[in-house]
Amino acid sequence: MASAIEDEVCYVFSPNSDSAPLNFASPIHVSPKSSVRSEFQKPRVKITHDDIRDEIQFWDSSVVFFVLGANPPSHVIDGFVRRIWGKFGVDKVVALGNGVHIVRFTTTENRDKVLSMGYQFFDKKPFVVKPWEQSMSVNKEDIKSIPIWVQLPKLNLMYWGEKSLYKIVGMVGKPLRMDMATKKREKLQYARVLVEVSMSQVFPDSVEYEDADGVVVTQPIVYEWKPVVCETCKGMGHSADVCTKKTKPVWRPKVVQQHPSRQEEGGFSGGDKELKANQD
Ligand SMILES: [Zn+2]
């Protein structure tokens, strides 16, 4: 793809000599692939692999990440990242915009250790982490499925084993793992399981199962956070019927809203402005 650019360079004006006026020469179809470009072509430069090698090497030990459903300010993100990943040699944490950040580690080995740590959460919201790649674009909107924690209150002690627990939780999403207290049967008020759910699925308040004796039991499901967008405030993580912004007055900073349509875009409140302030 990049090599085609070279073929397309056309010289439309060519000076005959120092004194002579510029002569017009017809545009030439240099490359048959670019038949649309028969009109005047803007001047271009060609960036080679050699030009970008150093930058790729520099960012090779990095990951990009964001918090789904929140847009914490950069200093909060910075503190969080250094707390959970500090021992892996964090070189720098920089905002890329729209709540997406990049963190560079001192070595690719350290980056790989971070990637193998598994699921992370920020204030119960999924913390999505990906290795940095050349020409990657990271959009929160591209996320199709995520891990979330669900609780099963008052679950009968008979069903705390992985087989039955995963069967019940499986009606909500794909079970990934139990939390430690559930595994050890220590906090028996509720069982807690990490499940992979689709961003667009339904999140039922309860599921039904038939017990070993054929009795149908209704089991409530509590979501510590869910990827739903509130109709009222456009925030993420709760539905309109439990929205606190419906009744209570909401504190808003007294600033001139320059982009009213972008406010809380996609439910991610917080400012690009704030994030950009930290980029320098
Ligand atoms: Zn709301």
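How many helices and strands make up the secondary structure of the chain? In this predicted model, the secondary structure comes to seven helices and 13 strands. Of the 280 residues in the chain, 20% are buried. Among contacts with a separation of 6 or more, 60% join residues 24 or more positions apart.

**The five-stranded sheet**

Five strands form an open sheet in the order S4-S5-S3-S7-S6, and their pairing is antiparallel. Strand S4 (90-97) and strand S6 (120-122) each have a single partner strand and stand at the edges, so one side of each is left without a neighbour in the sheet. From one strand to the next, the twist averages 30 degrees. The antiparallel pairing of S4 with strand S5 (residues 100-105) extends over six bridges. Lys 92 is placed opposite Arg 104 in S5.

| Helix | Strands it lies across | Angle |
|---|---|---|
| H3 (residues 74-85) | S4, S5 and S6 | about 145 degrees to S4 |
| H4 (residues 108-115) | S3 (62-67), S5 and S7 (125-131) | about 30 degrees to S3 |

Which residues of helix H5 (residues 162-169) are buried? They are Leu 165, Ile 168 and Val 169. These residues lie on the same side of H5 because they cover an arc of only 95 degrees around the axis. An α-helix has 3.6 residues a turn, so residues three or four places apart point the same way. The cover over the buried residues of H5 includes strand S8 (145-153), strand S9 (174-178), strand S10 (190-198), strand S11 (206-210) and strand S12 (216-220).

In soluble globular proteins, nonpolar side chains tend to be buried together. The largest nonpolar core of this model has 33 residues, and those with the most contacts inside it are Val 103, Ile 148, Val 150, Val 169, Val 193 and Val 195. At least two residues of this core come from each of S3, H3, S5, S7, S8, H5 and S10. S10 supplies the largest share, five residues. Domain 1 (55-134) and domain 2 (145-223) each contribute at least three residues to this core.

Val 150 is one of the core residues with the most contacts. Leaving aside residues up to four places away in sequence, Val 150 touches Val 169, Val 172, Val 193, Val 195, Ile 221, Val 222 and Tyr 223. Val 169, one of these partners, is also among the buried residues of H5.

Terms used. Residues numbered from 1 in each chain as written. Predicted model: local features only at pLDDT ≥ 70, side-chain atom pairs only at ≥ 80, totals over all residues. Pairing = 2+ DSSP bridges. Helix = DSSP H or I, 4+ residues; strand = E, 2+ residues; numbered from the N terminus. Axes fitted to C-alpha atoms, helices over the stretch in contact; angles between N-to-C directions. Contact = placed C-beta atoms within 7 Å. Buried ≥ 20, exposed ≤ 12 C-beta atoms within 10 Å, placed from the backbone. Arc of directions from axis to C-beta. Core = buried A, V, L, I, M, F, W, Y, C linked by C-beta atoms within 7 Å. Domains from an automatic or database assignment.
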